[in-house]
Amino acid sequence: MISRDDRREAESQIARLIHTYLYRLDEGDLEAVAAFFEDATWHISPALATHGKTEKLAWLREHTPAHGAYLGPQHLIGNVLIDVADDGQTATSVSYFIVSQLTEGSAAHVAARGRYVDGFALRNGQWRFTERRVHIDRR
């Protein structure tokens, strides 16, 4: 059974992982973004998934438009709920996201919103993604 202090530390490290991923994505650092999924599956939709860093990077390169820093997307994340398993070796999380986008001559608009459902494992003392499911809100 994981101690209360160890659970809080795990939650803090996982939250940092989630946020760091989004900062790297917004910076356009596709290599770093793909590295978060070295041994993980990324479910882009119910019908499409990438497995591992190489597939994720290929998908990102094909589908991420080049942009200047000013016009690029900004991922905002909230309501992050992290559950660490009692053994302290795995965890899950769910969170909401909003992607805002600036276009020339206009204010920011919501490009996408939805939720992430994530899985994590503690590997060599570091929390790593094992899975991310992206659920786009189409309402």
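Two strands count as a pair if DSSP finds at least two bridges between them. With that in hand, here are some close-up views of this predicted model.

**View 1. Strand S1 pairs with strand S6.** S1 and S6 run in the parallel sense, and three bridges link them. To find your place, look for Thr41, which stands opposite Glu131 in S6.

View 2. S2 covers residues 48–51, and the two strands are antiparallel, joined by four bridges.

**View 3. Strand S1 is largely enclosed.** Buried residues have under 20% relative accessible area. Four of the five residues of S1 are buried, so the rest of the structure largely encloses this strand.

**View 4. The largest pocket.** Rolling a probe the size of a water molecule over the atoms shows where empty space is left. The largest pocket has a volume of about 590 Å³. It is lined by 23 residues, and those closest to its centre are Leu25, Trp59, Thr64, His75 and Val99.

**View 5. The lining of the largest pocket.** Several elements each supply at least two lining residues, among them helix H1 (4–27), strand S1 (41–45) and strand S6 (126–136). Which element gives the most to this lining? Helix H3 does, with four residues. Sorted by class, the lining has 15 nonpolar, six polar and two charged residues.

Terms used:
Residues numbered from 1 in each chain as written. Predicted model: local features only at pLDDT ≥ 70, side-chain atom pairs only at ≥ 80, totals over all residues. Heavy atoms only, no water. 1 Å grid on protein atoms, 1.4 Å probe; cavity = no way out; pocket = protein on both sides within 12 Å on 5 of 7 lines; lining within 4 Å. Points joined across faces, edges and corners; volume = space filled by probe spheres on them. Nonpolar A, V, L, I, M, F, W, Y, C, P; charged D, E, K, R; others polar. Buried < 20%, exposed > 50% of the residue type's maximum accessible area, 1.4 Å probe, protein only.
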